[in-house]
Amino acid sequence: MIWLSDFNRHHPYWDEDRNTHLFTAANIERAQTVLDIATVHDMEMALPKDIPTLRANNSQNLTRPDNVFMSYSLLDLLTYCNAEPERQPVKTDHFPIITKVDVSTAPHEEPQWFNFRETDWEEFRSALELRLQRIPKPETITSIPNFDNLLTDLNKALTETMDAVVPKFKICPHTKRWWSDELRKMKKAVAKKGRKAYGKRFNLSHPIQDEYKALRCQYAQAIRMAKQQHWTEWLESLNETTVWTASRYANSPPTDASRAKVPNLKAKPRGSERMTEATTNAEKSQLFYEAFYLEKPAQQPQEAQTFVYPPNHWRFTPITNDQVRRAIDNMLPYKATAPGTAPNCMLKETKDMILPYLGPLFRATFTLEYYPEEWARTRTVVLKKPGRPDYEVPGAWRPISLSNGFARLLNTCIANKLSNRGEMLNILPKNHFGARPGHSTTQAVHYLVTNIKDAWRKKKVVSALFLDVKGAFPSVDIDQLKHDMCLRGIPAELTDWIG
């Protein structure tokens, strides 16, 4: 359902906060009726807050009497909902509201995925051990061809084992997280018993009728228990990071599991002043790339690049197998990686078997100054930013990067090494938050609140400036990063490796 009308109601939920003179008790009560009816019908406001839809003829004040409400199931299909004052007709004080909903469908064959949650890991390790026996364990890797050959053999052994042992499944749009193989077998048994009971439908005293009823009750009870057990275990496993995921689950409306289609995008290509419309996947990908990854800044003059760096704060040591093992232990088992690469759960279940191969490979990236192309390649998917009025612009979408499983593990080891030394030697300032142990977003909020309240206790006024640095992390200038690290005494082996 879509409701779009001049409701002639004013409420802080959609009007601008400056229109406080409109938020009378009578107006709030009248508007609350609309909100209550929308809630009952599982509808949400599609036109974002603070977008005016009327300019008063006398006072020229901008208000919001018009509104658009939409069912939750349609919100992910919404591509544009915005007022356009420039298209206001003559002899009216209302602005047109343009709403676009993409309901087109395209045939799609869902691929098969590995079901690592249902994998028999004892069988997996046994099958992998047979394949790893054909690969000699190296002490050191002395050449790039040897590196590539070892990496190819290791990937082949893992891939062949996955194909042979890990069960496959197709993700159904109606798949539930709590569904299990036991429930699937019970569902088949209920259906089979139901067919037999239907065949005896004219004989209500037949024992099959009571058996069918009892089995249905047992099946319903099993579903309730599976739901309760799954979500109880999941809630008990929450930590300071995943608790935000639980918050999103609790506060977000139902979605289509990120299956929303990217509409035609409108933007100015890099180096052009003309607005263009991207209709093909290649054109959309190019606009997303230009929006997510900014151009590299111009290089400084050569004479300004001569620096005398301070001595290293510590002596570089190669990555050890114990460091790799600790990094694997701290990984989330089912965090997504790039398709076709080793997932975290497989690394955790087979770490003792693959460490003799991963350790020399990781250390060889430093001694050979070589980083494989397949490790550097990532896959970026885009998801909607919630609450945006126009999804036809690239800025209304956000990138999610999926990397190679081995590359993510190696990068984690280096990040842990840098983080550990940075904390021990006080290289970073105390008020730097993010990517540091004990300096998460939660601690940043506590730190900010404490400073504000301390100032208030001293009868001072607090003002704050918050900046959104566009594309900071996807667009890091590697040369500038290396320069900053050298100024802080990071060993050259690490800065060169990052380059």
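Where does Tyr309 lie? I started my notes here, keeping in mind that this is a predicted model. I found Tyr309 in the loop that runs between helix H8 (281-292) and helix H9 (321-329).

**Entry: the patch.** I looked up the surroundings of Tyr309 next. Together with Phe307 and Leu487, Tyr309 makes a nonpolar surface patch of about 260 Å². Tyr309 itself is partly exposed, its relative accessible area being 35%.

**Entry: salt bridges.** I searched the whole structure and got 17 salt bridges. I took a few of them one by one.

I looked at Arg125 and Glu349, whose side chains meet at 2.9 Å, N to O. Arg125 sits in helix H3 (residues 121-132) and Glu349 in helix H10 (residues 344-349), so this pair ties together parts 224 residues apart in sequence. Glu349 is partly exposed, at 33% relative accessibility.

I then turned to Lys193 and Glu211, a salt bridge with its closest N and O atoms 3.3 Å apart. Helix H5 (residues 181-199) holds Lys193 and helix H6 (residues 207-236) holds Glu211, so the parts tied together are 18 residues apart in sequence. I noted both as partly exposed: Lys193 has a relative accessible area of 22%, and Glu211 has 40%.

**Entry: Asp329 and Lys351.** Is Lys351 buried or exposed? I first checked its salt bridge with Asp329, which comes to 2.3 Å, N to O. Lys351 is buried because its relative accessible area, 18%, falls under the 20% cut-off. Asp329, at 38%, counts as partly exposed.

**Last entry.** I also found a network of salt bridges linking Asp17, Lys49 and Asp50.

Note on methods:
Residues are numbered from 1 along each chain as its sequence is written. This is a predicted model: local features need pLDDT of at least 70, side-chain atom pairs count only at pLDDT 80 or more; totals for chains, interfaces and linings use all residues. Side-chain values use heavy atoms; hydrogens and water are left out. Patches are made of residues with over 30% relative accessible area and no salt bridge: like charges are joined within 9 Å, nonpolar side chains (Val, Leu, Ile, Met, Phe, Trp, Tyr) within 5 Å. Accessible areas come from the Shrake-Rupley method with a 1.4 Å probe; for residues, only the protein chains shown count as cover. A salt bridge is a side-chain nitrogen of Lys or Arg within 4 Å of a carboxyl oxygen of Asp or Glu. Helices (H or I, at least four residues) and strands (E, at least two) are DSSP runs, numbered from the N terminus. Buried means under 20% relative accessible area, exposed over 50%, partly exposed in between (1.4 Å probe, protein chains only).
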